[in-house]
Amino acid sequence: MNRIGFLFCMIPLAALAAGPQVTIYNGGFASVKEERTLNLSAGIAEVRVTDMSRQLEPDSVMLRELSPEPFGVKILEQSFVNDPLTEGLLLYQMEGKEVRFEEKREDGTVKEHLGKVIRSGYIPGGGAEQPIIEEGGAVRFSLPGQPVFEGIDPNAFLKPSLVWQLAAKKAGECPVEVAYITAGMTWEATYNVVAPAEGQDEFDISGWISLRNSTGKDFQDADIKLIAGDVQKVQNQMMRKAGRGAALMMVADFSEAMPQERAFDEFHLYTLPRPVWVRNNELKQVEFLRATGVKGIRYYVYNPLVGFRYYGGINQDPDYGQTESKKVGVRIEIANSETNGLGVPLPKGKLRLYRTDDVDGRREFTGENEIDHLPKNEKLKLEMGSAFDLVGERKRTDFAVDSTAQTMDETIEIKLRNRKEKDAVEIRVIEPLYRCANWKITAESLPHVKFDSHTAEFRVPVPADGETVLTYTVHYWW
């Protein structure tokens, strides 16, 4: 980080104009466009633009004149001062000089010390070391008390600032737009899906946009745009490690006006309907989606060999594919279409599922998951944990290899138990056929569907408080 010392001449400052425009990306950064007014002199002069983001990327700064009569402004030199005035910095600038210290004693009295600052202990850009103070010929490795300074230079940097050497063809007040990229701004979508009581299939869905600001700067009355999509960005390691700080939850006032969505390049862009004041270290939320009566289906899946697949070649290991997994997964599938009450691009984010209790009508939290960006007219598929009352067991009952004929035969038995007292269920059993490129199911207790080139799916009905046994034999050849 660059550090600019105190300047002992008056430096023109850039005055703020209209509220900033902030476009926030999923990747944890934002592009900012602010209107400022520069007080220019003809020729070359130094101008300071203050109150910038602490995580600004200096090489991304662009300056654009807004005056109908151009001033011919050019940036000859730029420095980014990201080390605003603090006690440590001021003490650092007093190295080699005497400073007055006040020591507060336990009895409430104050003792004054006058010491020469040999080393302040402050390291520009971050970090600290032991200070060294010389007092009355003695040297100590600590501050003798609270330093007291006689005054602050009026040109001291109190906030992160850009300092420009500007060339202008004429003097006057020139309106400009300052644009830059900054880390420390993120947004994400969160969804609440309220499932109906048992036996129904209509869902209520709401979506919220959550904005987080840890730039070190407030953005007052900002026009906010949100880019949904995976925008390529080279991440700075230091930027990634920047802390978020404490989050202050602020929920936007309710209004019927919702963010407007439109396609933009290869992404989707959401524009908030009104200017927003996004304070530093604040979490602000705005509702962007509300839909009721959305139809969906809930089903059960037993996929104990998740992660197993055909990797090529021939697998003759008789123990390959053995599993102890008994969990039956719960999935929800919703069509993201206009005919189903949705039909809007859904940005990636966290989704929480609630189910309505058919006894008292209250909504109870039943699980959460994350969804990726979902275009319209695609299906929203949610994995929402495991069913408590459903159990599966898979075992191999026969396996034979005929090396002469170059064939293998394998028989699998899958037991599915339903401990629900009143409700029969259907469980979708997913079986990867991973031993060889060529396969055929030669015997089965229930019909299968060829899901893809190496996966079979069985739909198994299981009665209430009962059990169903699925068996099949697969023949491989090469």
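**Exercise 1. Find how much space lies in the second largest cavity, and which residues line it.**

*Step 1.* About 30 Å³ of space lies in the second largest cavity of this predicted model. A cavity is a set of points, on a 1 Å grid over the protein atoms alone, where a 1.4 Å probe fits but cannot get out. Grid points are joined across faces, edges and corners, and the volume is the space filled by probe spheres set on the points.

*Step 2.* Searching the whole structure gives 2 cavities of 30 Å³ or more.

*Step 3.* Lining residues have an atom within 4 Å of a point. For the second largest cavity they are R394, E410, I412, E431, P432, L433, Y434, Y472 and Y476.

*Step 4.* Sorted by type, this lining has 6 nonpolar, no polar and 3 charged residues. Here Ala, Val, Leu, Ile, Met, Phe, Trp, Tyr, Cys and Pro count as nonpolar, Asp, Glu, Lys and Arg as charged, and the others, Gly among them, as polar.

*Step 5.* At least two lining residues come from each of β26 (407–418), β27 (425–432) and β31 (466–477). Strands are DSSP runs (E, at least two residues), numbered from the N terminus.

A word on the model before you go on. It is predicted: local features need pLDDT of at least 70, side-chain atom pairs count only at pLDDT 80 or more, and totals for chains, interfaces and linings use all residues. Residues are numbered from 1 along each chain as its sequence is written, and side-chain values use heavy atoms, with hydrogens and water left out.

**Exercise 2. Trace how β8 pairs with β7 and with β9.**

*Step 1.* Two strands pair if DSSP finds at least two bridges between them. β7 (residues 98–104) and β8 (residues 110–119) are antiparallel, with 7 bridges. Look for E103, which stands opposite K111 in β8.

*Step 2.* These two strands make a hairpin with 5 residues between them, and G108 in the turn has a positive phi of about 95 degrees.

*Step 3.* β8 also pairs with β9 (residues 132–135), again in the antiparallel sense, over 3 bridges. Here V117 faces I133 in β9.

**Exercise 3. Decide whether Y122 is buried or exposed, and list its contacts.**

*Step 1.* Y122 sits in the loop between β8 and β9.

*Step 2.* Y122 is buried because its relative accessibility is 17%; buried means under 20% relative accessible area, exposed over 50%, partly exposed in between (1.4 Å probe, protein chains only).

*Step 3.* Contact means heavy atoms within 4.5 Å. Leaving aside neighbours within four places in sequence, Y122 touches D83, T86, G88, L89 and Y92.

Note on methods. Helix = DSSP H or I, 4+ residues; strand = E, 2+ residues; numbered from the N terminus. 1 Å grid on protein atoms, 1.4 Å probe; cavity = no way out; pocket = protein on both sides within 12 Å on 5 of 7 lines; lining within 4 Å.
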